[in-house]
Amino acid sequence: MNKHISPRLNRRAFVIGTAAVGAGLAIGLDLPFGGPAVVRAADGSPEIGAWVVVRPDDTVVIRIARSEMGQGSLTGLAQLVAEELECDWTKVTTEYPTPGQSVARKRVWGDFSTGGSRGIRSSQDYVRKGGATARVMLIQAAADAWKVPASECAAANSVITHTPSGKTTTYGKVAEAAAKLSPPADVKLKDPKDWKLIGKGVKRLDTVDKTNGAMIYGADIKLPGMLNAAIKDCPVFGGKLKSFDEAKIASMKGVKKVVKVGDTAVAVVADTWWHAKTALEALPIVWDEGDNAKVSSESIAKWLAEGLNNDQPAYVGNKNGDAKAAIASAAKKVEAIYSYPYQNHATMEPMNATALYTADKCEVWCGTQNGEAAFAAVLEASGLPADKCDVHKVMLGGGFGRRGQTDYVRQAVMIAKEMPGTPVKLLWSREEDMAHGRYHPITQCKMTGAFDANNNLVALHYRLSGQSILFSLRPEALQNGMDPAAFQGVAQSGEAAFGYSVPNLLVEHAMRNPHVPPGFWRGVNVNHNAIYMECFMDELAQAAGQDPLEFRRKLMGNHPKHLAVLNAVAEKIGWTTPAPQGVYRGIAQVMGYGSYVAGAAEISVTDGSKIKVHRIVASTDPGYVVNPAQVERQIAGSFVYGLSALFYGGCTVKDGKIEQTNFDTYNSMRINEMPKVESVMVPSGGFWGGVGEPTIGVAAPAVLNAYFAATGKRIRSVPLRDQNITFA
Amino acid sequence: MANLTINGKTFTLDVEPDTPLLWAIRENAGLTGTKYGCGIAQCGACTVHIEGVATRSCGVSVSEAEGKKITTIEGLASGDTLHKVQEAWIAQDVPQCGYCQSGMIMAVAALLSEKPKPTDADIDEAITNICRCGTFQQVREAIHTIASA
């Protein structure tokens, strides 16, 4: 791979360049040295529309607004632009515009938020148009120079050809002229059957620097004169900082300042982070823990269990027929209660941000899944206006939803504000990261299924009790108090729709919001809903005396896309042929993030407590596949995330605090536990689904259903660690 | 003050002897390719070679490392010639977020120098690094590709 394909280097050049011409960007697109209506990148190369810069040597720089955190969107988004641009892929590089630049240009790059598996699917339309617009302008510039109609010209691989005469030129040669043209009012996108680059598993654009130590993550930022901060926030959520005795650590090596951060936290600023952390641990701190210190996992579980009772209020998320009446008069009933715990994202790189504050400027360097939210946090914490602030995004050492929040950005600015002119890097210890997550919400679920005399499922009551993410993080998105996202995977319609038809159905949510702050944890509400529903489907099949696959199929006639991925996975794992001696199978399906997924596992169990996962098969219909190699990696990674949570995860609460402190008490799967993952891609076209998350939903139920097949025992709570079940 | 030999170069660093080697490498020597993940020798993100042995640098003090040959991810290549593990990682697009990969690559390089043709069992035993993105399948395939070259 060419060394010049490095988003890091190019982004830096762009930042410096646009800082120099920032005023020009802020007032419009005209720059004094560029002539009318030309915007230039750092090296003076012209923009052909906001998404594309073309250099004289034909290098194409593609702007990426979403964040790269390992999921591969940076490469996929570049493929989408390049497909329409008809440029030479080997000369493509990328750069991040900053949120400040985007705001100054009326959000020309759209949404920066990178979560909900939306990176590709919710920007594919306008980034492809960005590529197509640039292509039309480049062809027009060549046609103008040749004095021929643009309709007689075509572009491929960054070369423009006048078809009748055979004359050619390149993008680099006509870029200056193209940049001066008005963009076309509308452009036509290619028919998917004509795609050449979309659908190809091209190599990632960001790999080289990740193999030699050169990639810069937030924790690696170095600025001249920079100091380092370590922080401790009140370990009981909602508690406050009462006092601290900074005299005790004032003489410790490297200590520069002790800073109260808001009402709840204290930070030590020192020459090195190791000095800051060492001094922070020696700092006597008194907390005002408040009433939340009385909360425990047991008290939360008791409160949630009350919500499972039908006499408690609940929001209805999906309904047809009269489930309660049908259950009351049914020939046979099956009932089960499941639960799912808090989970920490545990990104490999703990939270961090570097801030430089002066009286008239505040800049932050950090990994963030939402550049614009980080930007808003900088504005709020600094008290400075938008044209005095900016956020410089760097590579994320994992996100998984955690870095969509901006608590660590706000803290860094508050600390830097106490030391104007000195850049300060705030890095959380792993222990702080474990104690102050934005956790996967905690829930319980009571399910009741009812059969007629012929073992047909006539009713299903799915009653959730537990935490709402939106209530805590986006209350404006609640609908008359109801959290519609709570029904991800069991919803009536939309991007996470239920895949079964049951004549009498009631899906409802009794909202219970404990004090532990919830967050969007990769897979979000699909994770527990898929475990509850798909494990219970197996229980229903057992009660009906039917094969789990056949039982599901009979309920899925009206859901052909759900059914197609289930069939694909069943075929790949060989469901209808016997498993090897001592090996047992489980199967599951769900829809999430606009994609249809199914999973099947082959496991063996020793002594009822040691699970060996031999094979995992996953099938996915995301509509269109942009980069199959990256989709496969997202699917394999989803199993690691989902099975780590199933076996080892789970955060418990004691005295109002999270008990797990590091990877010794919150373990994660290793390579020896990794099953072979076989992916079947069944893209049916016509829609755009996300792939970073949905497969997590089927990982656990596929294994749990296989565990039942092997042992005859149902497991209805997570993690397996708490039941002394582990990997073999 | 401590003298550390990192990637063939001697660094004289103003650092207390009980400082974890990880932080001396990152903050005093300025080599940030070696990552902090847990600080308790669990995750392996900070893996370096000490006298060729894969070692979690957060669990080794500067005084223990003095006088020994330390190699970090920045020193794995020989000049412009990449180490075969780096080559395989690039060829097979192993990293996702990449944060754990410095440590992963150092652990794999040490395994291969000891056992050029490791079995799956050898890999399972030697590679215990955490990767939250879940690159294990690609890691295993890349190791076997190198071994069969």
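What pLDDT does chain A average, and what share of the residues score at least 70?

Analyst: This is a predicted model, in which local features need pLDDT of at least 70, side-chain atom pairs count only at pLDDT 80 or more, and totals for chains, interfaces and linings use all residues. Residues are numbered from 1 along each chain as its sequence is written, chains are lettered from A and ligands numbered from 1 in the order in which they are written, and side-chain values use heavy atoms, with hydrogens and water left out.

Confidence comes first. Chain A averages a pLDDT of 94, and 95% of the residues score at least 70. (pLDDT is the predictor's confidence in each residue, from 0 to 100.) In chain A, the lowest mean is 27, in helix 2 (residues 22–27), and the highest is 99, in strand 7 (residues 227–233). Helices (H or I, at least four residues) and strands (E, at least two) are DSSP runs, numbered from the N terminus. Over residues 1–36 of chain A, pLDDT stays under 50.

Now the interface. Chain A gives 62 residues to the contact and chain B gives 51. (Contact means heavy atoms within 4.5 Å.) About 4,600 Å² is buried between chain A and chain B, with 55% of that area from carbon and sulfur atoms. Buried area is the accessible area (1.4 Å probe) that two parts lose on being put together, summed over both. In chain A, A:Met348, A:Arg633 and A:Ile671 lose the most area to chain B, together 18% of what that side buries.

The rule finds four salt bridges across the interface of chain A and chain B. (A salt bridge is a side-chain nitrogen of Lys or Arg within 4 Å of a carboxyl oxygen of Asp or Glu.) B:Arg26 forms a salt bridge with A:Asp220, and their closest N and O atoms are 2.9 Å apart.

Which elements of chain A touch chain B? Those giving two or more residues are helix 7 (273–282), helix 12 (430–435), helix 17 (628–647) and strand 26 (676–681). Helix 17 of chain A gives the largest share, eight residues. The side of chain A that touches chain B has 28 nonpolar, 20 polar and 14 charged residues. (Ala, Val, Leu, Ile, Met, Phe, Trp, Tyr, Cys and Pro count as nonpolar, Asp, Glu, Lys and Arg as charged, and the others, Gly among them, as polar.)

Finally, the partner. Chain B has six helices and five strands. Its C-alpha atoms fill a box of roughly 45 × 30 × 25 Å, taken along the principal axes.
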